[in-house]
Structure formats: C-alpha cells, structure tokens
Amino acid sequence: MTEVATYYEEVVAPVVPAKRRSRGPGFWVYLGVATALAVAFILPIIWAVLRSFQPARLSSLAPQSADFSQMTLANYKAVSHGLYDILPNLVNSVIVGLGTAVLTTLVAMLAGYGLAKFRFRGSGIVFGIILLALMIPFQAVLTPLYLELSDLHLTNNLLGLILVYTTFNLPFGVFVMRNTFQQVPQELVESARVDGAGFMFTLMRVMRPLILPGLATCAMYAFLYAWTELLQAVTFVQSPDKLTLPAKLYEVTTSTYGSVNNAYLSAGVVFAMVPCVVLYLALQRYYVQGMMSGAVKG
Amino acid sequence: VATVADKPHLALRKRRGGPGRAGRSAQTRRASRTGALLVSPAVALIIAFVLFPLGYAVYISLTNWPLLGPYHFVGLANYKELLHDSGFRHSVIFTLTYTAIVTPPIFIVGYGLAALLRANRFGAKIFRTIFFLPFVVGLSTVSFMFEIELQPNSGGVDFILSKLGIVSDSHAWTVNQTSALIAISVIVVWFASGLTMLILTGGMQSIPGELYEAADVDGASWWAKEWRITLPMLRRSIALALIISIIGSFLAFNQFYILAQNNVGLETVVEWIYQTAFTRFQVGYATAMAICLVVVIALVTTAQFVLLRDDTEL
C-alpha cells in the first residue's frame, strides 16, 4: 500500500508546486520530445474522429486536404437506420455496460465489507477462492462457459453476458473494495455499532463518503471492460438483435460485399470510443488509483 | 505492515488458539454470520462461472464432445493428439513469437515515457494522460480504427508513411503475413506502453529522492544513476509490468481476430481454441487445448507471486 499511497500523493493528487527550475536548454529539449511523442500518441485517435465526418464516397480514396471542406454527418445518419443500423447494438452495450457496472460494484462492495470488517470462519478460504479466480483467464474456460450458459438458456441473452462479465471483474473489484474498507477507521465502525446501528446502516450512512472512491473505481473498470469486450460477446451471443457494439462492428468488417465499409465503421468507432475517453478524463484519479491498487495487489 | 485484516487466515489461526469457542459471545457469532452472508454473492458467482466451468472443462477435455449431438469418453486421447497437431503447435509458436516481438519495445517505450515525465515538470500530467489514452480506448476499438487506416491507398498509415518518404507505393498491410505482424506489433506497442509507463511511474515515485541527491554529490552520471539506483529499486514494478504485458500478449485475440481476418497462419492460441470449438465444432479437443493454456498461465502467475513477494519493501 505504501506504493499506492506515495503514488497518490505525488502524482494523482495535485502536483506539489514544482521547484522553480531555471528553464534552460534541458527544459526545452524535454518539452520538445514530450510534445512530439504526445502528437504521435494522440494523432490516430484524432484522425479517427475526423475520418468519421468524411463523405463515404471519398473514404476509399487517398486522404486529401480538400476532405476537410466537405465534412458531413452522413455517416452518423447512415448507422442510425437501415442495413447498418447500429443503434440497437449501442443500446445493448449500454445495458450490458451499466448492468455489469452496477452488479459488480454491489457484489464487490458487500464482499469487500465482509472481508475487511468481519471475522468469520472460512474467510481464508473465500480469500483463496478469489485469488484463484484472479489467476484464471476467461479465455481458458470459454467452451465450458458456453455449454453452461447454453444449458441455463443464457446464451443470446444480455443477462448472461452481464453475469459473466461481472464474475470476471469480481476478483479485481473485491480487492479494491477490501482495501477501501480497510482504510475506514475501525473506531468509526465501533462507535456506529455502540450507537445501535445495524451493519447495513453503518455501510450506507456512516461509511459511504469514505468508500465512494472505491465504488467509482469498481464501476468504471467494470463498465469499460463490458463496453470493449469482444471474444465473449461473439461467443455467447449470435442473434443479430442481441449483439453488443464491438460484436456488431466486427460484423460490419466482414460485411457481405467483401470490402470493409469504411464510412459506417468509422462512425461506429467513434461511438465505441467516446464513453471510454469521457469516463477516463472525468474520473482519471480513480482510474489511476485503481490501476495501482489492483496491479500492486494482483 | 501486515495487519490481521490483511491475512484472514492468520486471524483464524489466532482465534483458534485464543479463548475457546464457548467463550465467543453472541455478538461475535452474529458478526461471523454477517461476514459470511456478505461474501456469499461474490463466492456464488465465482463458483458458478469460474470454478465449476474449470472442473467441467477437465471433464469435457476427456471426451470427443461435438458442439451438438452425442459424445463419448475418450480418456487422454485429445491430449495425445495435441502433441502431434501441427496446427495447434503452429499457433503456440506464433503466439510465443508475437509475445517475444512486442514485449521488449512495450517495456522500453513505457520505461522511456515514465523516465521522461519522472521529474513532474511542466505539462507532465497532461502528457501522462495522452500517453495512456490508447489503452483506455480498448484494444477492440483500436483494432477497428486501424482496420480502416491499414487499407491500401485510402488508409492513413500509407498516407503518412508516403508523406514521410518511408514507403513509395500503397500496401495492403493486413493481407501479407509479415506486414500484418509488423503493423499489429506497432499498434500494440502504441496501445500498451502507456500501461507500462503508469506502473513504472508508481514505482519511480516511491524511490527516495535523497538517493539521487547523494549520487549527485558523488558526481554520478545519468547512466550510473539509472543502473545503480532506479533499476534495482524498481525491481518489483518492472516484474509486474513485464508479467502483465507477457500474459496480455499470450492471450491475444482481438487484434488478430479483427485485423488478420482470413490471414491463415496468424492465429494466436486463443483464436485457435475459439475456431476449433466454434467453427470446427471439436469442443472436447478445443477444451484440452484450453486446459494446457490454464496450466501455462497458472505457472506464469505463480512466478509473478514469487517474484513480487520476494521483497522487503512492502
């Protein structure tokens, strides 16, 4: 935890007012190199956004500066109805993403609370089970999971995806929540109990402000996982109306005419990208914090 | 510093040695019940969708299970067949090759980015955000993005490379095996080095500044400081970054499934398992491959725990 705490203080929290350095040649070299690298890292993403406004008839020609004068929303209109309608898939992805985020956060919160603040028989075994689950990639149990979900009538079913996504996000989520609850002072819990508060009241009223960052971390990771996952999405769901956005975009790349439909795909890519970027920029602090605590523990 | 809450199994042992069970108050018993109740949904889900499938997988791997229809128990036949299956062997060798190709550049670029921003100079926060952005977008979306940009003539990759004078004619990057592997590797380095940067940054920030100040007093060069102070102190973070990167590459699927469609020979292990089960309908055989995958990943993860535990810092 020391590592996380230090990282948090020094990097994530507002940077300590830097020592007033003389801005010599070294500084300008640093700024030049960092800026050049930043351009290289962000250019493909900006390019992808610009691409989505390119008229479809130009998208199979070599890019030209004149393209900028003909920017259009036509691609977005095209993917909103008809043959390449991706709106239902967008809705599926929102349902699966939010469902996974809510369920993961809820279940991980309860388990983290139990592991951090209660002593009970078998807690060692529970901890071991979660550690074991952390070591098993979903890719390794893809076939038995498919057969199991099929028997439970959970294939071609968004609930099935939510349950599986939640489960594979749980080990990380439980670790994050257990760490969060461990940082809640025991005296706070004790005094609430002395006042006669039940364990749920303690959780909901007394600890809520202290565990919100942990909950945000959990929810965001689960959402982003569900939003971008492809292998399970194409394995467990086949019926076109139930596909999530990445699975639908894959279908667009393999479309009937044998050539990729650049224009439609480019608009779909922006739909897929926007929630990730917005969530990351808005909740960056929780993202990095979670990355460190999850990574250090995992 | 490990507390009891850090190690529930120790707490358990301690309690057994303490006052006898009869001494436990009703309150303790109630707390114990509550604790078990709180963890039960998580445990139920993990048993249902991780542990049960794992056991089921062992059973399926001992049968000739097709996707539909009857099946027989075939013992270890699937595993014996695996030893002589050139297709599976090819996918394993290909995945290892890919892992060997991308791991060093991801690490070097990630380390470079972390070192560049280490001093928290002007703009470091914004640069860090930008370098991590590709990872945030997700590998599936990134692959769809480059599906468009890697096309001959119209793609952005050809456009920029020809402007820079690196290529003179258009390339169908994803059609040729070598060029597809090069393109995917470059994309993955761009995608993943931000993660390595972040992990190493965490480690770098926890190295006491006095060490560098002392080295400065002794007149140590930049290289000497990196070799003698940064690298040894970063041991844990480096091990972590490398293992996350290696496991990620070994389980690669999205980038090859999307960008190397119809490019025979560029199938990773996970893709090969997927195809064996769901396009060739040999579920039993595919599951035997998956069991081998579990064993390999478990070994790598165990190595991670050994490497990361072996340290007095934490």
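Modeller: Contact means heavy atoms within 4.5 Å. By that rule, the interface takes 107 residues from chain B and 110 residues from chain A.

Biologist: What kind of model is this, and how are its residues and chains labelled?

Modeller: It is a predicted model, where local features need pLDDT of at least 70, side-chain atom pairs count only at pLDDT 80 or more, and totals for chains, interfaces and linings use all residues. Residues are numbered from 1 along each chain as its sequence is written, chains are lettered from A and ligands numbered from 1 in the order written, and side-chain values use heavy atoms, leaving out hydrogens and water.

Biologist: How do you know what confidence the predictor has in chain B?

Modeller: pLDDT is its confidence in each residue, from 0 to 100. Chain B averages 87, and 90% of its residues score at least 70. For the complex, the predictor gives an ipTM of 0.87 and a pTM of 0.87.

Biologist: Where does pLDDT stay under 50 in chain B?

Modeller: Over residues 1-22 of chain B. Where pLDDT is low, the predicted coordinates should not be read in detail.

Biologist: How much area do chain B and chain A bury between them?

Modeller: Buried area is the accessible area (1.4 Å probe) that two parts lose on being put together, summed over both. Here that is about 9800 Å², 73% of it on carbon and sulfur atoms. B:Leu38, B:Phe49 and B:Phe144 supply 8% of the area that chain B buries against chain A, more than any other three residues.

Biologist: Why is the meeting of B:Glu149 and A:Arg51 called a salt bridge?

Modeller: The term needs a side-chain nitrogen of Lys or Arg within 4 Å of a carboxyl oxygen of Asp or Glu. The N to O distance is 2.6 Å, so the pair qualifies. B:Glu149 lies in helix H6 (residues 139-149) of chain B and A:Arg51 in helix H2 (residues 25-51) of chain A, so the pair joins two chains. Helices (H or I, at least four residues) and strands (E, at least two) are DSSP runs, numbered from the N terminus.
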